[in-house]
Amino acid sequence: MLKSYFKTAWRNLLRNKIYSVINILGLALGMTACFFIFQYVNFEKSYDRFNTNAANIYRVPVSYSGSLSSVQSQAKNHPALGPALKRDIPEVVDAVRLLSIKTFTRSGYFSYEEGGQKKAFFENDAYFADASFFKVFSYPLIRGDKEHCLSEQGGIVISESMAKKYFGNQDPMGKIFNSDASPLKVTGVFADLPENSHLKFNALTPLAPALKEWGSGDLWTWPVFYTYVLLKPGTDPKKVEAKFPALIDKYLGKVMKEMNFRSYFHLQPLTDIHLKSHYIDEAEVNGDEKEVFFLAVIGIFILLIAWTNYINLSTAKSLERAKEVGIRKVSGAAKKQLVIQFLTESLMINVLALVITIIIITQAMPLFNQLVGKDISAGFFTRGIGSHPSFWLWVAVIFLSGSLLVGAYPAFVLSAFNPVRVLKGLIIKSNTNLSLRRALLSFQFFLSIMLIAATLIVFAQLNFMRKGDLGYKKDQLLVIRISSAFTDSTYAAKLTYFKQEILRQYPSVKNMSYTGVVPGSLIRDGWDIRRAEQNKQHSLTTFYCMVDHDFINTYQVPLVAGSNLSPMDSSEVLSRGGTGVFGLDKNLKVLVNEELVKRLGFKSANEAVNQRIITSGNAEYHAVIKGVVKNFHQRSLKETYEPILFAYPSYNNWGWDNVSLDINTGAGDLNKNLSGIESLFKKTFPGKPFQFFFLDDFFNSQYLSDQRLGNVFGVFALLAIIVACLGLLGLSAFVIKMRTKEIGIRKILGASLSGILILVSKDFIKLVLLSAVVAVPVIYWAASEWLHNYAFHIKLNWLMFILPPLLLLLIVLLTVCLQSLKAAMANPVKSLRTE
């Protein structure tokens with residue numbers, strides 16, 4: 001009997017090839033899209049879970065109220081916090097602090113020389129770390145002793161890739177690096193980090209000896225340290241957080257009272273950082289929980305569309321198979337046998353769809369990895385989604401749902417036909433299934449409109465961020481990395497020589513400026529300042545950036561009040577040998593942006609010019625506002641304007657890490673110019689690596705995750721529409737087939753081609769319009785929620801709500817009309833012979 005079921009099911013599939021292909025392909029595309037999306041969602045949610053202690057590791061960020069309420073919450077904290085937590089709170093087993101090497105050495109410059117050959121690079125991802133790092137985190141150490149590799153002063157632990165880059169196939173242990181700070185000996189090698197780690201680093205060097213040397217280990221200022229704690233298993237983090245206020249009062253109470261602010265610490269689960277954390281100065285650009293949720297919804301939408309297609313086509317085909325059911329019942333077939341027969345057909349279609357899904361997944365996985373910019377398939381069966389029993393349970397649930405639940409309705413509808421009515425043809429005239437098909441089709445249209453709208457809005461926002469006015473020039477700006485830690489007695493002279501020679505030798509370079517950071521990167525340096533006539537309780541935190549007098553002209557930043565810095569301001573800084581940007585005298589000139597003017601309480605930019613400001617700290621330093629520049633976007637448009645102060649550096653130009661060239665890329669041979677600039681750089685700074693980038697590419701790299709999200713949205717929205725169109729194609733073909741005789745009669749009675757096309761398509765048009773009415777409010781709500789993630793974003797306009805239904809309507813009309821055209825143009829005599 002079972003063999004008979006499968007044989008009959010196979011024959012039926014072959015007899016209805018078009019509908020079988022549409023059903024199988026639609027289900028295969030739906031399952032494929034669902035798999036890829038949930039593979040990506042699972043990967044995003046898997047961040048840092050490879051750590052053995054992941055459930056008990058927490059990061060401790062800091063936020064403020066009072067006079068520092070304008071300061072954004074920070075992922076980093078004070079250097080003294082880690083030891084204090086371990087010392088004062090019994091539930092804390094261990095604490096680990098990480099400090100970016102660039103915070104101290106600024107450049108992250110490393111070199112290795114052997115046999116007269118030198119390799120030198122800027123290493124962007126290197127940290128000072130506490131000795132307990134490898135005991136708290138589960139990053140595999142291939143060489144070295146995890147107990148002591150981060151204890152020895154002057155030691156460094158590097159990644160496999162870094163070891164290969166510098167030493168090739170040699171044993172790296174004991175090799176000596178030269179760095180900005182001091183020589184470093186390799187004391188360990190760790191395996192390259194997994195992609196799903198929120199920390200990205202290729203080198204670690206001991207923190208404790210460095211803090212001892214700097215005298216900074218017990219400071220409750222300088223919040224630039226990522227601080228992680230390991231709690232005892234079973235500890236309630238809320239109870240630990242309840243002890244923080246007393247700890248804060250113990251160590252920060254005096255300064256909080258003096259400066260009228262309050263600090264707050266809390267425990268952030270390690271596994272929440274990637275998707276739920278959006279503090280200032282994160283270790284990397286994090287994902288977004290809402291976006292991952294929306295992607296998961298899209299995966300479900302696509303699968304629902306595929307299942308809806310199957311139900312729609314099956315119930316529509318029931319009209320053709322009504323007589324088959326009637327004859328089977330008259331011949332003695334029981335209802336149970338008919339249900340099993342139709343469920344067998346459903347099972348066969350789903351099995352074929354699953355086979356095609358597996359083929360597509362295996363072939364398309366590299367392309368999907370490229371689309372999302374991550375190798376999410378690595379370790380699929382060992383540590384990825386395939387290693388979880390729940391994944392295979394969901395695969396079974398989805399497959400059985402597609403085979404049984406989706407196939408159940410058509411099976412029970414068909415098996416319930418009254419054989420007498422069926423054989424008399426009365427079932428053909430019934431509208432029993434019409435309402436269901438309309439409801440399912442409307443649901444498909446609703447989902448399609450939503451996906452089209454989501455894609456349009458995401459790409460509109462991405463385009464706005466990439467091409468919006470940032471307040472400065474970012475096109476045709478070449479940035480070369482230098483290092484202020486290259487300092488020697490001739491360093492200032494070398495900078496002057498390099499600048500003069502570039503401008504003399506290359507007419508295509510219109511302007512050139514030395515800066516501490518460039519737009520698109522976080523300004524790591526900050527200072528608490530206030531107006532000269534105010535007390536410390538009015539202090540606020542501002543970012544400061546080291547620049548020269550050519551910054552405004554090179555970046556074309558508008559000056560709204562006062563005047564620009566001048567070379568004389570530089571000579572004043574160098575002559576007095578001040579500390580930081582603020583000097584011991586009262587003549588240091590600085591520029592500020594409009595946001596800082598506003599936060600300082602000045603009524604206008606003009607009022608701020610020539611006003612004195614003072615730093616707040618153990619010592620007070622003075623400066624004078626020489627000019628005010630217009631607000632510009634230092635970072636992405638996700639962020640609000642930040643208060644920034646600009647000044648010349650002190651310490652023999654320590655603080656300039658980049659040189660920006662306003663170069664006409666269209667004039668002459670760009671590659672030839674770059675080659676000449678590189679030669680001049682190496683001549684001026686012998687032995688130093690020449691690394692450059694164009695500012696527009698660097699700035700837009702902040703949007704890589706958003707761009708990838710947009711690409712994923714676009715691809716899967718297109719897949720959803722394709723799946724919907726497949727179902728619409730099959731359904732419209734069936735509807736036209738059922739109305740062939742009606743179309744023939746109407747043509748004989750004089751109906752025009754356009755009239756027939758309208759007749760066939762009007763029901764579909766009504767359903768699209770009905771779906772649009774329901775979808776538009778949902779689109780508005782979802783788009784508004786998503787755009788709240790961006791400080792600067794597009795404004796929702798009527799086109800964004802009208803265009804998706806119009807695009808869907810166009811697709812529906814093309815699909816239906818192309819099917820209708822053949823029937824409308826056919827000879828009516830042949831149409832009438834179909835009965």
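**Note on the predicted model**

1. A163 is found in helix α6, residues 160-167. Helices here are DSSP runs of H or I with at least four residues, strands are runs of E with at least two, and both are numbered from the N terminus. A163 counts as buried because its relative accessibility is 8%. The classes are: buried under 20% relative accessible area, exposed over 50%, partly exposed in between, with a 1.4 Å probe and protein chains only. Leaving aside neighbours within four places in sequence, A163 is in contact with I158, G168 and P172. Contact means heavy atoms within 4.5 Å.

2. Ground rules. This is a predicted model, in which local features need pLDDT of at least 70 and side-chain atom pairs count only at pLDDT 80 or more, while totals for chains, interfaces and linings use all residues. Residues are numbered from 1 along each chain as its sequence is written, and side-chain values use heavy atoms, leaving out hydrogens and water.

3. Confidence. pLDDT is the predictor's confidence in each residue, from 0 to 100. Its mean over the chain is 82, and 84% of the residues reach 70 or more. The highest confidence in the chain is in strand β1 (residues 57-59), at 97. The lowest is in helix α19 (residues 567-576), at a mean of 57. Over residues 573-581 pLDDT stays under 50, yet the model has 26 contacts beyond four places in sequence for them. Where pLDDT is low, the predicted coordinates should not be read in detail.

4. Overall make-up. The chain holds 28 helices and 25 strands. Of its 835 residues, 54% count as buried. Among contacts with a separation of 6 or more, 81% join residues 24 or more positions apart. The accessible surface comes to about 36500 Å², and carbon and sulfur atoms account for 59% of this. Areas come from the Shrake-Rupley method with a 1.4 Å probe; for residues, only the protein chains shown count as cover.

5. Which residues touch the most other members of the largest nonpolar core? They are F498 and F716, in a core of 161 residues. A nonpolar core is a set of buried Ala, Val, Leu, Ile, Met, Phe, Trp, Tyr and Cys residues joined through side-chain atoms within 4.5 Å. Beyond four places in sequence, F716 is in contact with A33, F36, I37, I298, I302 and F368. Another core lies apart from this one and has 26 residues, including V62, V240, I248 and F265.

6. D94 deserves a look. This residue is in strand β3, residues 92-100. Is D94 buried or exposed? D94 counts as buried because its relative accessible area is 11%. Its side chain makes a polar contact with the side chain of K86 at 3.3 Å. The D94 side chain also makes a polar contact with that of S132, at 3.4 Å. A polar contact is a pair of N or O atoms within 3.5 Å; within protein, one must be able to donate a hydrogen and the other to accept it, and residues adjacent in sequence count only if both atoms are side-chain atoms. Neighbours within four places aside, D94 is in contact with K86, S132, V136, Y228, V229 and L230.

7. Aromatics. The whole structure has 42 aromatic pairs. Rings of Phe, Tyr and Trp (its six-membered ring) pair if their centres lie within 6.5 Å; planes under 30 degrees apart count as stacked, over 60 as edge-to-face and the rest as tilted. The F167 and F177 rings have centres 5.3 Å apart and planes at 50°, so this pair is tilted. F167 is in helix α6 and F177 in strand β9 (residues 176-179), ten residues apart. Both F167 and F177 are buried. Y514 and W656 form a stacked pair, 5.2 Å centre to centre with 20° between the planes. Y514 is in strand β16 (residues 509-515), W656 in the loop between β23 (644-647) and β24 (658-663), and 142 residues separate them. Y514 and W656 are buried too. One aromatic cluster is formed by F50, F133, F134, F137, Y139, F190, F201 and Y228.

8. Backbone check. D281, not a glycine, has a positive phi near 65°. D281 lies in the loop between α10 (273-276) and α11 (289-317), and counts as buried at 14% relative accessibility. N610 is not a glycine either, and its phi is positive at about 70°. N610 is in the loop between α21 (605-608) and β21 (612-615). With a relative accessible area of 59%, N610 is exposed.
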